[in-house]
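Please look over the sequence and the structure shown here, and then read the briefing below, which goes through a few topics in turn.

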Amino acid sequence: LKPFEIVPHTSEVALELRGRDLRALFQNAAMGLLALFEQEGRVRPRETISVRVRSSTAESLLVHWLSELVYIVQTKRWLYAKVEFTRIQENALTATLHGEPMADGQTISREVKAVTFHKLAITRDRDALRGYVILDV
Amino acid sequence: MASALFTKIDEYRWEIPKRGGMRVPGLVYANEKLLGKIERERVAEQVSNVACLPGIVNYSMAMPDAHWGYGFPVGGVAATDVDEGGAISPGGIGFDISCGVRLLRSDLRQADIQPEFSKLMDALYHAAPSGVGVEGSLRLREKELRQVLEKGAKWAIQRGFGTNEDLETIEDGGTLAGADSELPSERAVERGRNQLGTLGSGNHFLEVQVVDQVYEKGTAAVFGLFEGQVVVMIHTGSRGFGYQVCQDSLDRMQDASARYHYHLPDRQLACAPVNSSEGRHYHASMYAAANFARANRQVLTHATREAFMRTLELSPRELGMRVVYDVSHNLGKIEEHEVGGKKRKLCVHRKGATRAFPAGHRDIPAPYRDVGQPVLLPGSMGTHSFVLVGTERALKETYGTTAHGAGRQMSRTQALKQVSGAELRRKLESRGIAVRTASLKGLAEEAPEAYKDVSEVVEVCHAAGLARKVARMRPIGVVKG
């Protein structure tokens, strides 16, 4: 099974995610987002950024997690190569991003405006989790 | 057309009967051909979802260019009764708050700009920075940005980006009163701070166009338009600032919806009563973003004028570049409308839909009050754009609202499979349309094939009485995000 898939939508785009647990699902969401940004150029894990996100449900936690990454990549212009979760549960996560500030030769060629709640879902499918989230691009 | 979803009212009106949690029926404006596309796009599902909004009156509506969005369909219109607990929903306005269109007229004809046209296009490309996460030349301190949020286009004029005359023909005089500059988060400020005076990416553009057909000569003359004239159309919004205001509000509204015990079929429709602390918070923040968008288009207007004057060595008087109008198509506004024979205070959500007020309406700028509000309908890249004028019928039926453009019919991925950016550029250039873009891929995603036929959308608006055609423009130069 693919960890993530980018699904076209008339005006936006969706990420279809899979993972054996919440940790893997959120990890795949972060990598799916990088693919969506069409990030190019090698990113070295030279620095770290800590991220803490809280929410009321696993679904909205996913929205917050992705919004946080959108902010870091687009506004801070900082790219991650690896994500490590120190703690993750349904309503909160703490993670460390390993990466570096965007430099020459590293680009993103798609703007992600925001993360929507439309048709947002995390469901259990046999022994894995599936996630679905639409992003405004 | 045989459809289980829609009941035909007349050639251009299709009702979606009330069922389930719908508080009102749905109403779609389309001819049979566009309805087919709308049906494939599952717009009916989203129109029905919107019909569940607390306090919604009359109908949940979709304009002829409607397509699938999130929360509301793009092209969705809904009004809620403010004094009867009516709700306001960020999902009914969208992330790009006050995204809109501005049209600039000139005293030039195509022959006047032809000799230096390539240079002019280069100058415009630099004047209107485009592309992913692009920053402008303005670096605002937080305090100054907060002033932008209060004053909108007026801030830009005070900073020397244009003249007071520009404000006379911008929706709301360029400033939405009631914005609270202190409410938007630091993150919103950070995302927006360096983006004032930029186009951005996606479907945003700056086009040099020529008026090639005038349908209502008298109205066109009042708008300052004539056949053969060079005009400039700018399509952009509130950039990262607006996206963040919406994202922050959606979070707050998730909690509010639970607190008010709303049962909504889509979490993107999360909302709160207009008259509640959450509702007021969003409303004042959204207006701040709208002011950012107006200031953005004003700064771009100034840069456009400078590019024209410098390249063509013209004085402001010789150029004659004035603002025809500036209108948002992603906005929620508190307006007074008649419902069931009574005047009501409504919160009108227009998501991918344009206000179209008729002659005599007090909210129309004085110079246009006798003819009606200009409606600016951009086509897809390389196709015609239109100027229309608001009607009495639109005011009665759709709170004075009409379509906002062509409306997508193909995903970006699909467009990329069918069209190459380089090939599209050649094709456009062979038709006499100069292209300047930050991304050939982005160009391909916005290929004309990816959109519905704007002329058909305009014909339906005209025939349904939601606006009247005034003039048509063909593009000769495109700056694309």
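Helices (H or I, at least four residues) and strands (E, at least two) are DSSP runs, numbered from the N terminus. This is a predicted model, in which local features need pLDDT of at least 70, side-chain atom pairs count only at pLDDT 80 or more, and totals for chains, interfaces and linings use all residues. Residues are numbered from 1 along each chain as its sequence is written, chains are lettered from A and ligands numbered from 1 in the order in which they are written, and side-chain values use heavy atoms, with hydrogens and water left out.

**A pocket and a cavity**

- On a 1 Å grid over the protein atoms alone, a cavity is a set of points where a 1.4 Å probe fits but cannot get out, whereas a pocket is an open set with protein on both sides within 12 Å along at least five of seven lines; lining residues have an atom within 4 Å of a point.
- Grid points are joined across faces, edges and corners, and a volume is the space filled by probe spheres set on the points.
- The second largest pocket holds about 500 Å³ of space, and of the 22 residues that line this pocket, B:Glu336, B:His337, B:Glu338, B:Lys343 and B:Leu395 are the closest to its centre.
- Two or more residues of that lining come from each of β12 (330–339) and α13 (392–398) of chain B, and β12(B) gives the most, with seven residues.
- The lining of the second largest pocket divides into six nonpolar, five polar and eleven charged residues, where Ala, Val, Leu, Ile, Met, Phe, Trp, Tyr, Cys and Pro count as nonpolar, Asp, Glu, Lys and Arg as charged, and the others, Gly among them, as polar.
- One cavity of 30 Å³ or more is found in a search of the whole structure, and the largest cavity has a volume of about 40 Å³.
- The residues that line the largest cavity are B:Glu171, B:Ser328, B:Leu331, B:Lys333, B:Arg350, B:Ala353 and B:Arg355, and they divide into two nonpolar, one polar and four charged.

**Salt bridges**

- Side chains of opposite charge can pair when their charged atoms come close.
- Buried means under 20% relative accessible area, exposed over 50%, and partly exposed in between (1.4 Å probe, protein chains only), so B:Lys333 is buried at 4%, whereas B:Asp172 is partly exposed at 29%.
- Salt bridges that share partners join A:Glu38, A:Arg110, B:Arg408, B:Arg412, B:Lys441, B:Glu445 and B:Glu446 into one network.
- The side chains of B:Asp107 and B:Arg105 also meet in a salt bridge (2.8 Å, N to O), in which B:Asp107 is partly exposed, with a relative accessible area of 38%, and B:Arg105 is buried, with 7%.

**A buried lysine and a buried glycine**

- Contact means heavy atoms within 4.5 Å, and, not counting residues up to four places away in sequence, A:Lys113 touches A:Asp136, A:Val137, B:Asp96, B:Arg191 and B:Tyr243.
- B:Gly352 lies in the loop between β13 (342–351) and β14 (354–355) of chain B and counts as buried because its relative accessibility is 1%.
- B:Gly352 and B:Ala66 are 286 residues apart in sequence and 8.0 Å apart in space, C-alpha to C-alpha.
- Leaving aside neighbours within four places in sequence, the contacts of B:Gly352 include B:Asp65, B:Val74 and B:His404.

**Positive phi angles**

- Most residues other than glycine have a negative phi.
- A:Arg77, in the loop between α2 (58–75) and β4 (78–89) of chain A, has a positive phi near 50 degrees and is partly exposed, with a relative accessible area of 33%.
- B:His261, in the loop between α10 (239–259) and β10 (272–273) of chain B, has a positive phi of about 55 degrees although it is not a glycine, and B:His261 is exposed, with a relative accessible area of 63%.

Key. A salt bridge is a side-chain nitrogen of Lys or Arg within 4 Å of a carboxyl oxygen of Asp or Glu.
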